[in-house]
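Please open the structure in your viewer and keep the selection tool at hand.

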Amino acid sequence: MKLFIFEYVDALTQSYHDGGGLVVVAKDLESAKLLQPAIKDTEPTIVYDLPAKYKEEASYVFPDTGCC
């Protein structure tokens with residue numbers, strides 16, 4: 001498994017300020033893109049290899065809170 005960090009992704013949420021940060025745990029980038037379609041054209045900022053004990057795919061959204 002790998003941990004993909006996306007520092008900023010446009011149109012990640014339905015909020016007025018719709019961008020934000022994203023962390024995805026997946027076996028590869030293709031699987032990460034299936035979990036979070038918003039990253040279809042975005043390259044990860046950092047990619048880490050995880051120990052074999054991590055087997056569950058997941059995504060964590062950190063929305064941009066904006067100015068209001």
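The tour passes from overall confidence to the sheet, and then to the nonpolar core.

**Confidence.** Begin by colouring the chain by pLDDT, since this is a predicted model. The chain averages a pLDDT of 93, and 97% of the residues score at least 70. Among the elements of the chain, the highest mean, 98, belongs to strand 3, and the lowest, 95, to strand 4.

Four of them make up an open sheet, arranged in the order 3-1-2-4 with antiparallel pairing. Select 46–49 for strand 3 and 58–63 for strand 4: these are the edge strands, each of which pairs on one side only. On average, neighbouring strands of this sheet are turned by 10° against each other, direction ignored.

Select Val 23 and then Tyr 60 in strand 4, which stands opposite Val 23.

**The core.** Which residues form the largest nonpolar core? Select Phe 4, Phe 6, Val 9, Leu 12, Leu 22, Val 24, Ala 26, Ala 32 and Ile 39, the nine residues of this core. Strand 1 (2–9) and strand 2 (20–26) are the elements that give two or more residues to the core.

**Ile 39.** Finally, centre the view on Ile 39, a member of that core. With its neighbours within four places in sequence left aside, Ile 39 is in contact with Phe 6, Val 9, Leu 22, Ala 32 and Lys 33.

Terms used:
Residues numbered from 1 in each chain as written. Predicted model: local features only at pLDDT ≥ 70, side-chain atom pairs only at ≥ 80, totals over all residues. Heavy atoms only, no water. Core = buried A, V, L, I, M, F, W, Y, C linked by side-chain atoms within 4.5 Å. Buried < 20%, exposed > 50% of the residue type's maximum accessible area, 1.4 Å probe, protein only. Helix = DSSP H or I, 4+ residues; strand = E, 2+ residues; numbered from the N terminus. Contact = heavy atoms within 4.5 Å. Pairing = 2+ DSSP bridges. Axes fitted to C-alpha atoms, helices over the stretch in contact; angles between N-to-C directions. pLDDT = per-residue confidence, 0-100.
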